[in-house]
Amino acid sequence: MEPSSGDYIVIKAHEQGVHVIGLTRGMSTKFHHTEKLDRGEILIAQFTDHTSAIKIRGKATVLTKYGTVESED
């Protein structure tokens with residue numbers, strides 16, 4: 001088994017209870033991992049062989065190699 005070399009993103013929560021949800025690859029997309037961040041917490045997440053998408057619910061800043069994105073209220 002070779003290690004995955006997927007892209008990383010950085011998520012910084014701007015409020016209590018920001019949800020970060022990992023979604024699977026394959027024939028049917030499913031939730032496979034959930035994290036809850038408090039204000040000021042930072043999570044570094046990686047796209048892998050199992051993670052095709054990451055959903056963020058709440059006010060946060062997301063940094064990627066493509067740029068920075070701010071969530072809306």
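An open sheet is built from four strands, ordered β4-β1-β6-β7, with antiparallel pairing. At its edges lie β4 (42-46) and β7 (67-70), each of which pairs on one side only. From one strand to the next, the twist averages 20°, with angles running from 0 to 180 degrees between N-to-C directions of axes, which are lines fitted to C-alpha atoms.

The model is predicted: local features need pLDDT of at least 70, side-chain atom pairs count only at pLDDT 80 or more, and totals for chains, interfaces and linings use all residues. Residues are numbered from 1 along each chain as its sequence is written, and side-chain values use heavy atoms, leaving out hydrogens and water.

**Strands and pairing**
- The chain has zero helices and seven strands; helices (H or I, at least four residues) and strands (E, at least two) are DSSP runs, numbered from the N terminus.
- Strand β1 (residues 8-13) runs antiparallel to β4 and is joined to it by five bridges; two strands pair if DSSP finds at least two bridges between them.
- Opposite Lys12 stands Ile42 in β4.

**Overall dimensions**
- Along the principal axes, the C-alpha atoms of the chain fill a box of roughly 35 × 25 × 20 Å.

**Burial and contacts**
- Of the 73 residues in the chain, 25% are buried, meaning under 20% relative accessible area with a 1.4 Å probe, protein chains only.
- Contacts (heavy atoms within 4.5 Å) between residues at least 6 apart in sequence join residues at least 24 apart in 62% of cases.

Terms used
Buried means under 20% relative accessible area, exposed over 50%, partly exposed in between (1.4 Å probe, protein chains only).
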